[in-house]
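Hello,

Please find the structure below, followed by notes on what was found in it.

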Amino acid sequence: MDISINQNAFPDPDPKPNKRRRKKSMVWEHFTIETVNADCVKANCNLCKKSFAYISGSKLAGTSHLKRHISMGICPVTRHNQQKDQLSIQAPPPPKPKVSENGTSSNSPRKRHRAANGAVSIHSNGGNNWSHDLAKMIILHDYPLHMVEHAGFIDFTRNLQPQFNVSSVATVQEQIMGIYTREKQKVMDLLRVIPGRLNITVDVWTSDKSYKSLAYVLLTGHFIDHDLKLQRRILNFIAVEFPDSDIALSEGIAACLTDWNVEEKLFTITLDHSSCSQNARENLRNLLPMKNSLTLNGQLVIDSCYARMLSSLAQDAIESMRGTIEKVRHSVKHVEPGEDRTIEESHNEIFVKLKQELQHPSTKRLKIDDVTKWDTTYHMLVAAYEVKDVLSKLEREDPDYKCRISEKEWEQVAILCSFLKLLFEAANVLTRPVYPTTNIFSSQVVDIHKEFTEAASASSDPFRITLTKPLREKFMRYWESCNLVIAMAAVMDPRMKMDYVAFNSTRIYGEDADTWVKIVNDSLHELFLQYVMHSHLGPAFAEEEAIDPLVKIEMPCQEDALLSSVDGLIDFDIDISDIMGESHTKLEIDQYLEESILPRVQEFDVLGWWRVNTYRYPTLSRMAFDVLSIPMSTTPTKSVFDTRERKVDDYRSSLRPSTLDALFCAKDWLSYNTELPSSIVPAATAKTEFY
């Protein structure tokens, strides 16, 4: 916390007689004060020579951040020399606890010993850093920080190891910040050496405690790493005051990008239109290095989240049949005991008996849905539809069953399930262990467009038309916000290229198909030329004569394509000899588009293909990696099917913003094994702000 002081009262760096008392903090054994000017005094680390703010104008920064620099091993010199353990004094083993007659310990809580630098020391046994492990456990499992002061936890740890000094909340908090700082440095080093650009997603969370005066923004980076593999990392979880204003969101995100030093690497921003106003989205566009609003028709800012769009469509469809679905839900509750087993066993016995009599071949288990997850409602309807004959007969056999569902209602359930299946399969691609590249979304989105269009215009069923017409209108708003990005990602798939765009354009745009194909082609060339202008690789031409023969030998021949794969790559069917035989020179993008498309195979590593062909398309491959890493969804994997907005609970919203940020980010970073090549030297230590 900043403290106003009298600048004239601050002592000079060199001690002089008759001045104010000498500083007694142990920090000054490791730091030297440097007066920059009358309004600026800095503290320089004697080991790594890094400067820290100490006095700025009339504000005193204090020494807490200087203590953390030394005691937590943040200083690169102490970290690399493994000297951080020497900064704290090991606490002596505590006395053996006295045991009373009833078997309980009668000792009062032991006094914590403080190290010379003022930090609470943790007694370690056999080199185990218990305090560090405790903080890591709290991060990974979302435990509350104050659990370390619970009597039950204290007794538990003392029974396991009497010599363990139970940490205070403040101590655990400092350990958490230390873990956060070290892991942040790894991510900063990773981002520093990425060969391409950075795409970010913006997911806005709310809190009941703060209502509309405060929102939380989850910022996630998507990029291709130094090994040319798709990666994503949470960058920040920040609190934004007055999020409804036009500038609050952009200012908060801009500060994060500056902290990460990635402003010039930013390529696209993906968010949900419901999270901010049109003016706020335009302010976000100003953060992009590409200032031309016409680039990709302005779709460098994607203001519709793929997962939220699908969830919204599914909820609207389910709501349109709320009455029928409620009958199905009551039917399932009647015949299937839930986890609480509140139904009478006789109902389930009658149902099972009827199912056996009808020799019903259903394989799906009836299970009540969770209204906060729309996919569970879909699965419940599918399972119930399979046993509709059994449920119909149950009306006559079970006098307590009152949920009669007509044949017409079952037909409508079947129609609803057909559309929910389409949405479920489209959303399910986001639940894969590896985040999908952008080209994967193309076929999913095109299929939804085609189904909704045909159902709303070509169907003669009034119910089908009533169901799909509003869904199509909502979907078209999403389509118009990102259709160009999706089309360009499809072109970057060597199995699709412009052939795929042309094929779908006829079905989607009809007479305007040629116009759309030209828009996609022109946009590709425009973006490619921007990469040429910023390329340090020289002219972006594909010169066949310049291909390295050693690299060419590594290209697998067509006969081997059915037998093996290299690094997970599915081989492709291109006649290399024809390409090598051409004598003229073309733009990389033109040569790529003119070459034959690859055969359609299910398991295909598109990034792997571009990794192998980087030597042929040095500039186009950079563009392909960036386009294929554009995220279409802002939603975390575990929340793809959520029907409710994301909220920060009351406990977490009561934490300091820096602590909350550290908990969210460190949990994500610890799930990865982030290692850089030995040839890459780590940069300066990451800066951590405590507020």
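**Cavities and a buried lysine**

The structure holds 3 cavities of 30 Å³ or more. A cavity is a set of points on a 1 Å grid over the protein atoms alone where a 1.4 Å probe fits but cannot get out, and lining residues have an atom within 4 Å of a point. The largest cavity has about 110 Å³ of space, a volume being the space filled by probe spheres set on the points, joined across faces, edges and corners. Its lining has 14 residues, and Val-446, Trp-479, Ala-487, Asn-504 and Trp-516 are the closest to its centre. H16 gives the largest share of this lining, 6 residues.

This is a predicted model: local features need pLDDT of at least 70, side-chain atom pairs count only at pLDDT 80 or more, and totals for chains, interfaces and linings use all residues. Residues are numbered from 1 along each chain as its sequence is written, and side-chain values use heavy atoms, without hydrogens and water.

Lys-497 belongs to helix H16 (residues 497-509); helices are DSSP runs (H or I, at least four residues), numbered from the N terminus. Lys-497 is buried but has no salt bridge, with the nearest side chain of opposite charge, Glu-595, 4.3 Å away. Buried means under 20% relative accessible area (1.4 Å probe, protein chains only), and a salt bridge needs a side-chain nitrogen of Lys or Arg within 4 Å of a carboxyl oxygen of Asp or Glu. The side chain of Lys-497 does reach the backbone oxygen of Tyr-592, at 2.6 Å.

Glu-595 counts as buried because its relative accessibility is 9%.

Regards

Definitions and conventions. Helices (H or I, at least four residues) and strands (E, at least two) are DSSP runs, numbered from the N terminus. Buried means under 20% relative accessible area, exposed over 50%, partly exposed in between (1.4 Å probe, protein chains only). Lys and Arg count as positive and Asp and Glu as negative; His and the chain ends are not counted. A polar contact is a pair of N or O atoms within 3.5 Å; within protein, one must be able to donate a hydrogen and the other to accept it, and residues adjacent in sequence count only if both atoms are side-chain atoms. On a 1 Å grid over the protein atoms alone, a cavity is a set of points where a 1.4 Å probe fits but cannot get out, and a pocket is an open set with protein on both sides within 12 Å along at least five of seven lines; lining residues have an atom within 4 Å of a point.
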